[in-house]
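Here's a quick tour for anyone meeting this structure for the first time. Have a look at it, then read on.

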Amino acid sequence: MTGHDLNVLRQLLSWQQEGHKVWLITVVGTYGSSPRQPGSMCALRGDGLLVGSVSGGCIEDDLVSLVKLDQLSASSAELKIYGANQEEQLRYKLPCGGQLRLLVEPVLDKAWLEEVVTAIESQKLIKRQVSLTSLQVTCTNAVSNESVVSEQEDLLSFVYGPRLRLLIIGAAETSFYLANIATALDYQVFVCDPRPEMQETWQHEQSTLLTMMPDDAVVSLQPDLNTAVVALTHDPKLDDMALLEALKSAAFYVGALGAKTNNDKRRERLKLFDLTQQEIDRLHGPVGLQIGSKTPAEIAVAISAELIAIRRERTQTPQLSSSVNKVTV
């Protein structure tokens, strides 16, 4: 679940509460090349206002045209296929061979919207099941290995999850660049630094500055499978505190800045505490892909690239993990 998709649901809820006719359009399936993945969504209002994206262009325009022409049902759901032939692929500017299968669903009840939005904001996974004939919606807890979209006869199920989060330890120059890139990648960014002099000079409006000790910051965030923790202070007294808690958590990525020799020493220090060897082995140190990074901005790029690789490995391509190389920084 991205912040953009959460904003779609929030806007949908707001429009529905205001009494507008509203539709939720969700990508159910893709065939061939496709600009958006299953689960991507947009919200459409009765007067043609649209938030979000299911294709990035012409399909949204077509949906707006349909609602303005009163050609979308306000009482029943519809599965629409775009790109069924070459003419449509050219018309809607879809990649060669690309098709999109969309659920166009009028939203008549705000109760499920409120439940889903609340769950996402609480960093919880939730599954919504909708009947295509009756539009009846039920929400239940979901587990992390469930498909984002699944079909069963008359029923469609969608799994919504919490946003990606990144906790950066240290409010230094590399942290600033990493916060910028992570924000662009739609992470909710937290920066922890208990040092007053670093707090005074930190300027990044889109991140949340935490002034507590690093281990307390990790505990307070309760890292889940959508959370990454990166220690960048180069000060073992601060970095190691965060790592002691992060390596025991469910965070999908835990990394630390430093050369290989420094990280080898760090791993030896961690053995002195209540960590198992398996937990210590989760540490990505040195952080980042091997792209020859030298400057703070380049190091931030390398770290961001590794975050992308690890996430894609977890959800799509397991073979990536064995080819991920480190950069000594």
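Y177 is partly exposed, with a relative accessible area of 30% (buried means under 20%, exposed over 50%, partly exposed in between, using a 1.4 Å probe and protein chains only). This is a predicted model, where local features need pLDDT of at least 70, side-chain atom pairs count only at pLDDT 80 or more, and totals for chains, interfaces and linings use all residues. Residues are numbered from 1 along each chain as its sequence is written, and side-chain values use heavy atoms, leaving out hydrogens and water.

What does Y177 pair with? Its partner is F176, edge-to-face, at 5.8 Å centre to centre and 75° between the planes. (Rings of Phe, Tyr and Trp, the last by its six-membered ring, pair if their centres lie within 6.5 Å; planes under 30 degrees apart are stacked, over 60 edge-to-face, the rest tilted.) F176 is partly exposed too, at 30%. The rings of F176 and W202 have centres 6.3 Å apart and planes at 75°, so this pair is also edge-to-face. W202 counts as buried, at 11% relative accessibility.

## Two helices side by side

Now for α7 (residues 214-221) and α8 (residues 236-246): their axes come within 7 Å and cross at roughly 30°. (Helices are DSSP runs of H or I, at least four residues, numbered from the N terminus; axes are lines fitted to C-alpha atoms over the stretch in contact, with angles from 0 to 180 degrees between N-to-C directions.) The pair is therefore roughly parallel, a label for angles under 35 degrees.

Technical notes: Angles under 35 degrees count as roughly parallel, over 145 as roughly antiparallel, 65 to 115 as roughly perpendicular and the rest as oblique.
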